[in-house]
Amino acid sequence: MSSTITVKTRLPGPKSLQLLAEREKYVPRGISTPTPLFFEKAKGAVLTDVDGNQFIDLAGGFGVMNAGHCPDEVIAAVREQLDRYIHLSFNIAMYEPYVRLAEKLAAITPGQFAKKTMFANSGAEAVENAVKIARKYTGRTGIVALECAFHGRTLMTMTLTSEVKPYKYGFGPLAPEVYKIPSAYCYRCYFGLAYPACEMRCVTNLERFFTVECAADQVAAIIAEPVQGEGGFIVPPPEYLPGLQQICRQHGILLIIDEVQSGFGRTGKMFACEHFGLEPDLITMAKSLAAGFPLSAVTGRSEVMDAPAPGEIGGTYGGNPLSCVASLQVLDLFEREQLLERANRIGEVIRQKFLILQEQYPEIGDVRGLGAMVGIELVKDRQTKAPATELTSRLLKECYERGVIAIRAGLYGNVLRFLAPLVITDDQLAQALEIMEEALKTAVAGQ
Ligand SMILES: Cc1ncc(COP(=O)(O)O)c(C=O)c1O
């Protein structure tokens with residue numbers, strides 16, 4: 001196995017150090033980057049920094065690069081598009097790629113019913129629009145979100161988000177009419193119960209919620225990530241989301257499924273909600289939808305999507321032509337390169353590795369995931385489950401110093417999360433996992 005990784009300078013290298021000093025001067029600290037490196041090239045699952053060091057990427061620009069960095073087909077399509085036009089604004093002068101992509105998303109999203117799609121630029125913007133559309137359609141105001149959820153950083157989406165620090169602390173007042181219910185985080189069950197003896201208290205408790213928090217007929221939508229991403233790669237038991245869907249249907253509440261992080265093959269299916277047999281009324285998408293070109297989407301039942309009158313939704317840049325043609329190529333790539341099968345294979349390899357390591361390291365509290373959306377929760381003690389947040393920081397540092405870019409998640413910052421491009425080769429994955437093992441050994445020894 002020839003090594004993909006080349007670390008030939010101290011890290012950060014001299015050019016990164018120089019840029020870091022300038023960054024400190026001109027970029028606010030609120031924009032945080034745990035890895036102190038600047039990059040100049042990316043291809044597939046490999047990143048090259050400005051000092052010529054080469055890294056294996058297990059973060060994929062926060063889950064944006066499922067189809068790999070800079071796929072040739074995407075670059076070619078965008079180049080061709082650049083020669084035609086860059087921006088017209090679909091609200092002024094229409095163009096075909098917008099409609100073609102909406103047609104494609106109607107076909108590949110779950111649900112055998114007529115669907116329509118609107119495009120925006122970021123995940124948060126998609127969620128904002130889904131909330132607006134749900135309120136308009138139902139004539140209700142209440143929005144129910146889950147604990148451990150992450151939906152973005154705008155006013156509405158940070159309100160929907162669960163983690164207080166750093167996402168909402170000091171940014172109030174938050175948006176009104178947003179309610180939280182427990183998510184199915186079985187490793188740290190809200191009710192202190194164990195699955196399946198719990199009989200899904202987190203679902204049945206909703207009836208109580210409608211009595212004590214917000215009447216069901218005041219709730220426009222429940223929004224849920226099918227696998228909670230930022231919250232710690234939390235996979236609910238099979239009954240959880242179908243249970244929520246059933247309650248939604250019973251009360252005329254819309255189900256919004258946020259696939260911003262879990263979508264586009266990450267879990268081994270195009271959309272994670274397919275694992276649970278869901279047919280959401282609205283789906284929000286972004287990240288790997290367009291291989292790094294800013295694009296997000298809300299796809300939903302046609303009658304719901306048509307609730308806002310002309311002019312009530314939209315935006316200057318939504319559905320930029322370059323992003324739309326990139327996305328059409330990405331969706332083709334998924335079929336041609338069989339990336340869904342690849343996601344399952346990657347997930348299996350990671351899980352097997354960490355299940356073996358879990359036998360040696362009591363610090364590995366939980367190994368969980370769906371497809372290649374795998375999370376490893378690190379704890380100080382398996383009994384108390386006290387989060388091993390500092391150990392996770394050390395582990396990530398040991399990783400990048402050895403040439404592997406990895407990131408964390410979780411309410412306590414103690415979950416190692418895998419968002420590697422799905423085009424990562426078997427060799428690259430094996431190298432990255434070997435390095436992670438070494439890094440874990442060193443990080444644990446240094447405690
Ligand atoms: C599930 C989910 N929803 C929404 C967002 C917000 O997306 P963006 O950062 O593009 O606004 C994210 C970002 O990580 C996410 O994971």
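Begin by selecting Phe-90 and Tyr-98: both are buried, a term for under 20% relative accessible area, with exposed meaning over 50% and partly exposed in between (1.4 Å probe, protein chains only). The model is predicted, so local features need pLDDT of at least 70 and side-chain atom pairs count only at pLDDT 80 or more, whereas totals for chains, interfaces and linings use all residues. Residues are numbered from 1 along each chain as its sequence is written, and side-chain values use heavy atoms, with hydrogens and water left out.

Next, select Tyr-85 and Tyr-95. Among the 12 aromatic pairs of the structure, this one is tilted, with 5.9 Å centre to centre and 55° between the planes. Rings of Phe, Tyr and Trp (its six-membered ring) pair if their centres lie within 6.5 Å; planes under 30 degrees apart count as stacked, over 60 as edge-to-face and the rest as tilted. Tyr-85 is partly exposed, at 22% relative accessible area, while Tyr-95 is buried, at 5%.

Return to Phe-90 and Tyr-98: their ring centres are 3.7 Å apart and their planes are at 10°, so this pair is stacked.

Finally, select Arg-301 and Phe-113. The charged end of Arg-301 sits over the ring of Phe-113, 3.8 Å from its centre; the criterion is NZ of Lys or CZ of Arg within 6 Å of the ring centre and within 35 degrees of the ring normal. Arg-201 lies over the face of Phe-191, at 5.6 Å from the ring centre.
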